[in-house]
Amino acid sequence: MNKKVSFVCIPLFVSAFACGNNEECKALDEAITHNQSLLDAARNKAAVHERLSESLVKTEADVTAYLQELGLNWDEDKLNQEIIGRMKKVPGSKVVRRTRENTETSKQNLLRRSKTFWSVEFSAKDMGQGLQKSLIFTAENPIYVFDRLTLDTKGNRWLLELGRPVVDEVLNKPLPNKLPVLHDYADIPTKFGFCGANAKRGQLADISAEYASLKDKAEAISVILPKKATWKGLKRRANILETVERQTRSIIQRVFKGVTDLNLNLVGVAFEEPFVLIEIQGSEKTAKRLIRYLGSAGTGSQIMKAGKRRIRVLVPNQMIRSFQNKGGTGRLPAPSVPQKGHKGHNHGH
């Protein structure tokens, strides 16, 4: 009888220590829950690291190629050589480079003109020839921005001013966001018991080891994402500049054709954001003829007197107007002139 009682009491004695978690195991379980949640988050970040890294490399290459095509990352020596190449197509032309003291910043922050400008002088026997020669210097791809074109009718001398387009580059050197610190289970005191504390500490050690192995990749995500956004923003601003310039060129070419077809006497053309300003000899009636000729392109045009027997027509750049109406945000209209070498560019950012 006594043996039977003692046999029953032994498991009861052991269960008092083995069946319930003591304070050590409870603390270890809490540490496991906390550290495992941090490990899961680190795993998720590290899992997309390779894909995002590859995407960043592709984005940098795409934007760099886009800037290269537009000449936005060319040095001035290369830009000078390009103008010299265009001069060879216009015999007798002369380029005078001058530097302005201050950089001109767009009122709408759409584009900036650097302090580098090129003044191109050439002669032409008539209006049609002069306009054609000016188009040789501006060319289709807007490596330079059109600033102004004036005509000295007495000497048949033309002065074309081209500026170097500049895209604002936002300085962004993000620092990695450090991963949260795991719960330090080493400070959890050891208690006598049989709840599996050693196994739990082993599990925590495995979590710590894997967490440390994922640290660099997981933290790098906080650097990769803003870098990619910076490159996309740069391309977006470059596209805005390009689209504004193409719209301006489209208006100017239409004006050139109108001046020729209507047999008007041109004094000068200039881009004064957000307008293309055309000065001609004549009266308000002459200006209205030109506006009618421009059709939809001349919508919202304004007429100003410019002196004796001179009149000015201000034709709004509709792209800038659209941008203003959207409060400076939203998707931009496509460039008015098709882009060579660029298919399916997505500039909406």
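In this predicted model, helix α2 (residues 23-47) packs against helix α6 (residues 197-261) at an angle of about 25°, and their axes lie 8 Å apart. Here axes are lines fitted to C-alpha atoms, for helices over the stretch in contact, and angles run from 0 to 180 degrees between N-to-C directions. The two helices, α2 and α6, are therefore roughly parallel to each other (angles under 35 degrees count as roughly parallel). Their crossing is left-handed, a term used if the near helix is turned anticlockwise from the far one by less than a right angle. The residues of this contact of α2 with α6 comprise 15 nonpolar, three polar and eight charged ones; Ala, Val, Leu, Ile, Met, Phe, Trp, Tyr, Cys and Pro count as nonpolar, Asp, Glu, Lys and Arg as charged, and the others, Gly among them, as polar.

A closer look at α2 brings us to Asn35, which lies in this helix. Asn35 counts as buried because its relative accessibility is 0% (buried means under 20% relative accessible area, with a 1.4 Å probe and protein chains only). Neighbours within four places in sequence aside, Asn35 is in contact with Leu182, His183, Leu204 and Ile207, where contact means heavy atoms within 4.5 Å.

Helix α6 also has a partner in helix α3 (residues 49-70), and these two pack at an angle of about 25° with axes 9 Å apart. That angle makes α3 roughly parallel to α6. The crossing of α3 with α6 is left-handed, and the residues of their contact divide into 13 nonpolar, six polar and eight charged.

Turning to the strands, β8 (residues 302-307) and β9 (residues 310-316) pair in the antiparallel sense over five bridges; strands pair if DSSP finds at least two bridges between them. Within this pair, Gln302 stands opposite Leu314 in β9. The two strands form a hairpin with two residues between them, and Arg309 in the turn has a positive phi of about 60°.

Of the 349 residues in the chain, 41% are buried. Among contacts with a separation of 6 or more, 72% join residues 24 or more positions apart.

Residues are numbered from 1 along each chain as its sequence is written. In this predicted model, local features need pLDDT of at least 70, side-chain atom pairs count only at pLDDT 80 or more, totals for chains, interfaces and linings use all residues, and side-chain values use heavy atoms, with hydrogens and water left out.

Note on methods: Helix = DSSP H or I, 4+ residues; strand = E, 2+ residues; numbered from the N terminus. Parallel < 35°, antiparallel > 145°, perpendicular 65-115°, else oblique. Buried < 20%, exposed > 50% of the residue type's maximum accessible area, 1.4 Å probe, protein only.
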